[in-house]
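Me: I'd like to learn how to read a structure like this one. Can we go through it feature by feature?

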Amino acid sequence: MKTYETEIEIDAPIDVVWHALTVQMPQTPEPFGILRIEGEIAYNARIKLWSEIVPNRAFSLKVETLDGPSKMVWRGGMPLGLFTGTRTFTLTSNSGATRFHMCEIFTGPMSNMITKSMPDLTPSFVKFAQALKLKAETQ
């Protein structure tokens, strides 16, 4: 099982950060390291995401949890659970500010083999968190 995560303090109320994450990020995804997103961020919705890391490949994801303004979960991968990526976005209110945490866990029988060929996602995660911070704090 491989895990990537990042965390950042954002000087904005949780509702503002949630809006930046679920509404503004899909509208202007480039600063987040995402080339484009197709589909609506809604509970049980399917979205397609193109990342700067692998620009020629669309990732098909399902929005499994949308519990605003505190938690969102995206899941995608191969059939039969052979390889699954689960990305969890968590927002926690902190005295008028917001603590943002993003974590992705890769599981399944093929996860070791596939994650060995993947680039390090840490810089991408940091870029996403910093973009969210900038977007929320400049509203």
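Me: Where is the place of T22?

Reply: T22 sits in helix α1, which covers residues 14-27. Keep in mind that this is a predicted model.

Me: Is T22 buried or exposed?

Reply: The general idea is to look at relative accessible area, where under 20% means buried. T22 comes out at 13%, so T22 counts as buried.

Me: What lies 2.8 Å from a polar atom of the T22 side chain?

Reply: That's the backbone oxygen of W18.

Me: How do I read aromatic pairs, and what is the count here?

Reply: You check the ring centres, which have to lie within 6.5 Å, and then the angle between the planes: under 30 degrees is stacked, over 60 is edge-to-face. By this rule there are eight aromatic pairs. Take Y4 and F106: their ring centres are 6.4 Å apart and their planes are at 80°, so this pair is edge-to-face.

Me: Which parts does the pair of Y4 and F106 tie together?

Reply: Y4 belongs to strand β1 (residues 2-10) and F106 to strand β7 (residues 97-107), so the pair links parts 102 residues apart in sequence. Both Y4 and F106 are buried.

Me: And how are the rings of F83 and F106 arranged, stacked or edge-to-face?

Reply: With centres 5.5 Å apart and planes at 5°, F83 and F106 are stacked. F83 lies in the loop between β5 (71-77) and β6 (84-94), while F106 is in strand β7, so this pair ties together parts 23 residues apart in sequence. F83 has a relative accessible area of 11% and is buried; F106 is buried too, at 5%.

Me: Which residues form one aromatic cluster?

Reply: F32, W74, F89, F100 and F128 do.

Me: What lies over the face of W50?

Reply: That's R36, at 3.7 Å from the ring centre.

Me: What about the nonpolar core, and which members touch the most others?

Reply: The general idea first: in soluble globular proteins, nonpolar side chains tend to be buried together. Here the largest nonpolar core has 34 residues, and L21, W74, F100 and F128 touch the most other members.

Me: Which residues does F128 touch?

Reply: Skipping residues up to four places away in sequence, F128 touches L21, M25, F32, I34, F89, F100 and M102.

Methods: Residues are numbered from 1 along each chain as its sequence is written. This is a predicted model: local features need pLDDT of at least 70, side-chain atom pairs count only at pLDDT 80 or more; totals for chains, interfaces and linings use all residues. Side-chain values use heavy atoms; hydrogens and water are left out. Rings of Phe, Tyr and Trp (its six-membered ring) pair if their centres lie within 6.5 Å; planes under 30 degrees apart count as stacked, over 60 as edge-to-face and the rest as tilted. Helices (H or I, at least four residues) and strands (E, at least two) are DSSP runs, numbered from the N terminus. Buried means under 20% relative accessible area, exposed over 50%, partly exposed in between (1.4 Å probe, protein chains only). A charge sits over a ring if NZ of Lys or CZ of Arg is within 6 Å of the ring centre and within 35 degrees of the ring normal. A polar contact is a pair of N or O atoms within 3.5 Å; within protein, one must be able to donate a hydrogen and the other to accept it, and residues adjacent in sequence count only if both atoms are side-chain atoms. A nonpolar core is a set of buried Ala, Val, Leu, Ile, Met, Phe, Trp, Tyr and Cys residues joined through side-chain atoms within 4.5 Å. Contact means heavy atoms within 4.5 Å.
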